[in-house]
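Visitor: Can you walk me through this one? I'd like the overall picture and then some individual residues.

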Amino acid sequence: MSSTPPTDSFDNEWLGYSRGTPEFTRMLVAMFCAGIATFAPLYSPQAVLPSIAADLHRDVASVALIVSSSTLGLALFALPWTYVADRWGKNRAMAAAIIAATVLGLIIPWVPHFGMLLVLRFVQGAALAGLAGVAVAFITEETQPLHAGAATGLYVSGTTIGGLAGRLISGPVAQFSGNWRLAIMAVAVLATAAAISFLLLLPRARRFTPVPAKGAIRTTASRIGRHVRNPGMVSLFLLAFTLMGAFVTVYNYVGFKLELPPYALSEVAISMLFLAYLSGTFTSSIAGRLTARFGRLTTILVSMLVMIAGVVLTTTSPLVVVVLGLIMLTMGFFAAHSAASAWTGLLAGEGKAQGTAMYNLFYYAGSAFIGWVGGFFYIAGGWTLTGWFCVAVVAFGALIAGGVLRREKTARVGQIEGE
């Protein structure tokens, strides 16, 4: 972070950082680094779960808790961090979060006890929530509206590349070193470098006004209650839960299938499967155009059908078909998630911060809970049963949430016509 104080009172004359200024460029790079520092360590164990299971003598459901514990921490602390950011300032909140997460990331690989490993991963996820839940709010508050999209886009790119890098680094390092702990440590070092860059580059906040302590909790609770009573918002939360839950379950356990005959893929080869994420980067970037042409609900439902088709393909035998299934799953997921998260912001009204935080809560709760439960299906029936479990999860989300959102959309159109 810059040497200037991290927060200032609201400057009525200043309209936000704009393209072409040194501060805006620093923000772009800082937010890209923030995405890497958050998501590289969050998902780095996913590529080496088979090695961790073998080394610690744990079944697949138990070892998946290493991923689920951190995403659960992120889910549960997304809302509390928004309150901290409103009171402390977003700079200070993000700095505290990234420092805590980075220190934990350097400690976690060397923890010998499995139970303590899960506890520290949960705490690390809770710390990372302070960055994941506040970064976009900082961008929209401190950047001119015309240029906020560029900074937000680079942050999202950083999250995608961070999640991909964490998986691509951990797999090869684990195979060549024979030690999954060194693999996780290598990703932690990358995250540390990204965190330091973020702290040095992030420009100061000039539009922050602290929320008074008196009444702040009541206002937050009121907005949360309003979202919970809104069927459309609840449906979008359900979509977040099912979409992310099925997506993470596939990537948690498909490696266990592919390490066995007839595939017998190495950890390097399995980690390369995460390159399918690049297809998701493409579909998330065009999701806005799809919704403009076909409507949000149609885009979401068709994308979920693509997800289902992709998962079904992964239950077949030919490796090329399995890889094609992963690509289809990833493309469908990112398109549906982009459309659903944007819809959440539109429906949330004045409670955008709380609406977005609740979407993230259900999003990562799905990753934690469904990603863990999927392991029991793998134990009971291998990848085939796990794949059909994921199909059922996505279909359930599409049927329930899709039906409610269609009724809400019809009701809204009727209300407008009546006016």
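Guide: One term to begin with: contact means heavy atoms within 4.5 Å. This is a predicted model, in which local features need pLDDT of at least 70, side-chain atom pairs count only at pLDDT 80 or more, and totals for chains, interfaces and linings use all residues. Residues are numbered from 1 along each chain as its sequence is written, and side-chain values use heavy atoms, with hydrogens and water left out.

Visitor: Ok. What does glycine 171 touch, leaving aside neighbours within four places in sequence?

Guide: Glycine 171 is in contact with Ala47, Val48, Glu267, Val268 and Ser271.

Visitor: Where is glycine 171 found?

Guide: In helix 8, residues 145-177. Helices (H or I, at least four residues) and strands (E, at least two) are DSSP runs, numbered from the N terminus.

Visitor: Is glycine 171 buried or exposed?

Guide: Glycine 171 counts as buried because its relative accessibility is 0%. Buried means under 20% relative accessible area, exposed means over 50%, and partly exposed is in between, with a 1.4 Å probe and protein chains only. The C-alpha atom of glycine 171 is 8.8 Å from that of serine 266, a residue 95 positions away along the chain.

Visitor: What is glutamate 267 in contact with, then?

Guide: Setting aside neighbours within four places in sequence, Val48, Ser51, Gly171, Ala174 and Gln175. Glutamate 267 itself sits in helix 12.

Visitor: Let's zoom out. How many helices and strands?

Guide: The protein has 16 helices and 0 strands. It has 419 residues, and 55% of them count as buried. Among contacts with a separation of 6 or more, 84% come from residues 24 or more positions apart.

Visitor: What does the accessible surface come to?

Guide: About 17200 Å², with 69% of that belonging to carbon and sulfur atoms. Accessible areas come from the Shrake-Rupley method with a 1.4 Å probe, and for residues only the protein chains shown count as cover.

Visitor: Which residues form a nonpolar patch on the surface?

Guide: Leu72, Leu76 and Phe77, which together have about 240 Å² of accessible area. Patches are made of residues with over 30% relative accessible area and no salt bridge; like charges are joined within 9 Å, and nonpolar side chains (Val, Leu, Ile, Met, Phe, Trp, Tyr) within 5 Å. Phenylalanine 77 is in helix 4, residues 65-88, and is partly exposed at a relative accessible area of 33%.

Visitor: New topic, aromatics. How many aromatic pairs are there in the whole structure?

Guide: A search finds 21. Rings of Phe, Tyr and Trp (its six-membered ring) pair if their centres lie within 6.5 Å; planes under 30 degrees apart count as stacked, over 60 as edge-to-face and the rest as tilted.

Visitor: Why is the pair of tyrosine 251 and phenylalanine 274 stacked?

Guide: Because the ring planes of tyrosine 251 and phenylalanine 274 are at 25 degrees, with the centres 5.2 Å apart. The pair links distant parts of the chain, 23 residues apart: tyrosine 251 is in helix 11, and phenylalanine 274 is in the loop between helix 12 and helix 13 (277-294). Tyrosine 251 and phenylalanine 274 are both buried.

Visitor: What about tyrosine 363 and tyrosine 364?

Guide: Their ring centres are 4.9 Å apart and the planes are at 90 degrees, so that pair is edge-to-face. Tyrosine 363 is buried at 9% relative accessible area, and tyrosine 364 is buried at 6%. One aromatic cluster includes Tyr251, Phe274, Tyr363 and Tyr364.

Visitor: Backbone next. Which peptide bond is cis?

Guide: The bond from proline 261 to proline 262, with omega near 5 degrees. Proline 262 is in the loop between helix 11 (231-258) and helix 12 (267-272). Alanine 264 is also placed in the loop between helix 11 and helix 12. Its phi is near 50 degrees, a positive value in a residue other than glycine, and alanine 264 counts as exposed at 52% relative accessibility.

How values were computed. A salt bridge is a side-chain nitrogen of Lys or Arg within 4 Å of a carboxyl oxygen of Asp or Glu.
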